[in-house]
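Visitor: I have some time for this structure today. Could you walk me through it?

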Protein chains: 2
Amino acid sequence: MSAARTVGILGGGQLGRMLGLSAIPLGIECVFYDPAPDAPARVAGRHICAPWDDRAALAAFAESVDVITFEFENVPTASLAFLAGIRPVRPGVRSLELTCDRIREKEFLRSAGVPVQPFAAIATDADLDLALATVGPHGVLKTRTLGYDGKGQRVVRAAAELAPAWTDLGRRPCIYEAFVPFDREVSVVATRALDGSTAVYPLVENLHTHGILFRSIAPARVDDAIAAAATRHARSVLEGLGHVGTLALEMFVADGTLVANEIAPRVHNSGHWTIGGARTSQFENHMRAVAGLPLGDAGAPEHAAMVNLIGGVPDTAEILAIPGASAHLYGKSPRPGRKVAHMNLVAPSREELLARLERLEALARRVNRLA
Amino acid sequence: MSAARTVGILGGGQLGRMLGLSAIPLGIECVFYDPAPDAPARVAGRHICAPWDDRAALAAFAESVDVITFEFENVPTASLAFLAGIRPVRPGVRSLELTCDRIREKEFLRSAGVPVQPFAAIATDADLDLALATVGPHGVLKTRTLGYDGKGQRVVRAAAELAPAWTDLGRRPCIYEAFVPFDREVSVVATRALDGSTAVYPLVENLHTHGILFRSIAPARVDDAIAAAATRHARSVLEGLGHVGTLALEMFVADGTLVANEIAPRVHNSGHWTIGGARTSQFENHMRAVAGLPLGDAGAPEHAAMVNLIGGVPDTAEILAIPGASAHLYGKSPRPGRKVAHMNLVAPSREELLARLERLEALARRVNRLA
């Protein structure tokens, strides 16, 4: 079995851009399929600019590559099935099917031995009472599909709020999850190769603002036992899905244990620190996996962090003046709420990391415009 | 003073390719000027494909960028002067003038307080005897200009060999340098910013085969005093040249002291390990410098090495199966003696580095074709 030389990537956003940049040194050419003419990934490979349902363009795309992957999991199912008839799609359909629907995702996690909070499906008015009985009056109502960055979610603080929240979300099929009073939000990013071998990155500690990731720290400030459990959970998920490529498992640390929140079946914002922070980035390991190559070391020699720039970017010189900082611009025009860049940080000790991180976070807070 | 957004790069080889890849995350667009239609750098920016003396193309190139740099120091002087009349060229003309001629280079090194071996200029038959008197009967005769990778050089082992060697080199203006019976070949890669601040990488230990770099190890296996002296010498050279950008100072360790051999006024093969091996690569620091941005940390958290692939490339899978190894392909078709890729290696200890390095070197020896 020889390695893929040309990889097709569905989606040409910043994740595609970073995948493409990591592929070039490996001698892998990327072809991006994205309807946006100014797709950020276009600097890192060929760009096919066509709608998601253009069968002729999809066929030409598939035929020009050895294997197909995605940086964007909401590709229409019919298009994906069409592509899968022409070239291998990695990760496979199972990874998408079990993560694009929050109910199936939670059921899968439970079956894989990964703890989840109580949850219930809501499809009709009759489901509301049962959901309250199962989950309780404090929870989060989310659409089963297509939510991201806090969109399609409503917090419920009392039993009487559930029905109005559901109406607010358009009475679409939803999941109602128990509110988890967490100590920390964490995530584990991990990659599985075509031969089944895995590479798991150090546990990451995340901070969200208005539902959007603001900053990550790696390794997370948790007990070793928690970090070890997170690694085990990541491996269970990778294997349970038969995943090929990188994914992220987002979890809460609550009362000293882990509770899984969701799976992103692709490279993830909470893994951006791995560029320069880990021995192999999540992007390079994803490309290695889908191309059928051996994975790289996911260890990190130092402490690392990442801060998102959302809706605005400071002068690059201001970022780079902070010791250990690097800038990762996506080439997108700033709009409120839009992720336009991130800043990575490394330091030889946790203390130095946190001191430098304060400066990076202050910079981000000055320019970020969330909505 | 605002940072450059578009940087023109003279030369589009692998050095340009790696410069361009490091520029993209910084939000810097690169424009490469290279007469070769298949220039390896074309994947990392816009490519102007025109001869070195095409004034119209040179002018269009210069006018499309904020600042100009080079990855190839043998750009015709007249073309460079023409470009310098349109946009700033960094590093400046002084760095090129003092390094493109081996006699002026050695004189500059001596004036900068960097030890050099005895040397003499040879331009006429009358110079031969004086050169032998100054340098002795064991030396190396090199053309004053345009030599690289061991080309344009003859070893002299007895007084009677000097005149025939000079004839062999076409009686071109030459330098005759005393042979240095060295213990190790080392180099120091360093960058100077527009504001005069500097970043010096750990000393590198090099091994050449048939005049071409085969592998580098960082940090070099030398006493701390030698490493500290190398850093001082690098700073003297950067400051003496008023250099802006990255350069490499190649030296010998002989009898426990350093003897400077030559300066490469650009990013250098012995700094390729800094991709993934140092906190900021030599390529990113060069781009930061020429764009007027602050430099990044040149420190290395672990042990690192680099092995060149010359004339052949193994299966990428074979490279990546070695722990800590990464592959850096240049997109060039293999020809004997042509550098087509390199492999980088990191390891947490020197012992592990050397054990893994044996495997990488064996791989390279199997595929390399030197001539």
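Visitor: Which residue stands opposite B:A305 in β17(B)?

Guide: Happy to start there; this is a predicted model, in which local features need pLDDT of at least 70 and side-chain atom pairs count only at pLDDT 80 or more, while totals for chains, interfaces and linings use all residues. Residues are numbered from 1 along each chain as its sequence is written, and chains are lettered from A and ligands numbered from 1 in the order in which they are written. Strand β17 (residues 339-347) of chain B pairs with β15(B) in the antiparallel sense over eight bridges; strands (E, at least two residues) and helices (H or I, at least four) are DSSP runs numbered from the N terminus, and two strands pair if DSSP finds at least two bridges between them. Opposite B:A305 stands B:L345.

Visitor: And which residue of strand β12 of chain B stands opposite B:M306 in β15(B)?

Guide: Strand β12 covers residues 212-218 of chain B and runs antiparallel to β15(B), with four bridges joining the two. The residue opposite B:M306 is B:S216.

Visitor: Is strand β15 of chain B mostly covered or mostly uncovered, and how many of its residues are buried?

Guide: A residue is buried if 20 or more other C-beta atoms lie within 10 Å of its own, exposed if 12 or fewer, and partly exposed in between, with C-beta atoms placed from the backbone. B:H303, B:A305, B:V307 and B:L309 point one way from the strand, B:A304, B:M306, B:N308 and B:I310 point the other way, and all are buried. Strand β15 (residues 303-310) is thus mostly covered, and its buried residues number eight of eight.

Visitor: Which residues touch the most other members of the largest nonpolar core?

Guide: A nonpolar core is a set of buried Ala, Val, Leu, Ile, Met, Phe, Trp, Tyr and Cys residues joined through C-beta atoms within 7 Å. The largest one here holds 233 residues. B:V7, for example, is in contact (C-beta atoms, placed from the backbone, within 7 Å) with residues including B:A23, B:I28, B:V65 and B:M287, leaving aside neighbours within four places in sequence. The residues that touch the most other members are A:V7, A:Y176, A:L345, B:V7, B:Y176 and B:L345.

Visitor: What kind of axis relates chain B to chain A?

Guide: Copies are superposed by least squares on the C-alpha atoms of residues with pLDDT of at least 70 in both. A rotation of 180° with 0.0 Å of shift along its axis places chain B on chain A, at an RMSD of 0.0 Å. That is the relation of a two-fold axis.

Visitor: Which element gives the largest share of the side of chain B that touches chain A?

Guide: In this interface, 26 residues of chain B are in contact with 28 residues of chain A. The elements giving two or more residues to the chain B side are α11 (316-320) and β16 (325-329) of chain B. The largest share, four residues, comes from β16(B).

Visitor: Where in chain B is B:P91, and what kind of peptide bond joins B:R90 and B:P91?

Guide: B:P91 lies in the loop between α3 (77-84) and α4 (93-97) of chain B. With omega at about -5°, the bond joining B:R90 and B:P91 is cis.

Visitor: What is the phi of A:R171?

Guide: A:R171 sits in the loop between α7 (159-168) and β8 (174-178) of chain A. A:R171 is partly exposed, with 13 other C-beta atoms within 10 Å. Although A:R171 is not a glycine, its phi is positive, at about 55°.

Definitions and conventions. Two residues are in contact if their C-beta atoms, placed from the backbone, lie within 7 Å.
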